[in-house]
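Okay, thanks for making time this morning. Let me put the model up, and then I'll talk you through it.

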Amino acid sequence: MNWGKGILFTIIGFVVLIMTMVVISVRMDGIELVTENYYEEEIKYQDRIDESNSAIELEREVIFYNSQTNVIELDLPKGTIGALHLFRPSDSSLDQKINVKVTHSGKTQVPLKELKSGYWKVQLSWSENGIGHYREKKITI
């Protein structure tokens, strides 16, 4: 074996390695965007920041997760209408959106018994006194 053959085998091995990695990455399943309308959501991002800041100004914990009872408690005033989005980063087919309408005073409970165990993002959007609010909480079930 001489230098020429060693260099040739190294280059061929490198090309085979790169081609194998390209084929594996192209065949991977489950690679998805966080949202279908990624660019539209990016444009609305400043509105989301403003809604988050208005929720912080309320000075109360709006979303509370009780791990013993597997329930999310929402501290919203009577008459509030909003949307609760349960987002699973690892599998978008498990995502759920629940419309929330508070008809009584006190905390509103949302049971999570049917959700698969793992990491979830809970996103709550609601309007209170004509002002939009947004809160997000990360939970592990």
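So, a contact here means heavy atoms within 4.5 Å. With that in hand: among contacts between residues at least 6 apart in sequence, 57% join residues at least 24 apart. Before I go on, some housekeeping: this is a predicted model, where local features need pLDDT of at least 70 and side-chain atom pairs count only at pLDDT 80 or more, while totals for chains, interfaces and linings use all residues. Residues are numbered from 1 along each chain as its sequence is written, and side-chain values use heavy atoms, with hydrogens and water left out.

Overall layout, then. We get 3 helices and 7 strands, and from the N terminus the order is α-α-α-β-β-β-β-β-β-β. The radius of gyration, taken over C-alpha atoms, is 24 Å, whereas a compact globule of 141 residues would be near 14 Å; that globule rule is 2.2 Å times the number of residues to the power 0.38. The C-alpha box along the principal axes is roughly 85 × 35 × 25 Å. As for burial, I call a residue buried under 20% relative accessible area, exposed over 50% and partly exposed in between, with a 1.4 Å probe and protein chains only. Buried residues make up 25% of the 141.

Now the strands. Two strands pair if DSSP finds at least two bridges between them, and β1 and β2 pair antiparallel over 4 bridges. Those two strands form a hairpin with 4 residues between them, and Asn70 in the turn has a positive phi of about 55°. Across the pairing, Ile63 stands opposite Leu74 in β2.

On to charges. A salt bridge is a side-chain nitrogen of Lys or Arg within 4 Å of a carboxyl oxygen of Asp or Glu, and the count comes to 4. Which residues are linked in a network of salt bridges? That would be Arg60, Asp75 and Glu128. Arg60 to Asp75 has its closest N and O atoms 3.8 Å apart. That pair runs from the loop between α3 and β1 to the loop between β2 and β3, 15 residues along. Arg60 to Glu128 comes in at 2.9 Å, N to O, and there the partner sits in strand β6, 68 residues apart from Arg60. Arg60 is partly exposed at 25% and Asp75 likewise partly exposed at 24%, but Glu128 is buried at 11%.

Another salt bridge joins Glu61 and Lys137 at 3.6 Å. Glu61 is in the loop between α3 and β1 and Lys137 is in β7, so the pair ties together parts 76 residues apart in sequence. Glu61 is partly exposed at 44%, and Lys137 is partly exposed at 24%.

What about rings? Arg48 lies over the face of Tyr134, 3.9 Å from the ring centre; the rule is NZ of Lys or CZ of Arg within 6 Å of the centre and within 35 degrees of the ring normal.

Last stop, Ala83 in strand β3, which is buried at 18%. Leaving aside neighbours within four places in sequence, Ala83 touches residues including Ile98, Val100 and Leu124.
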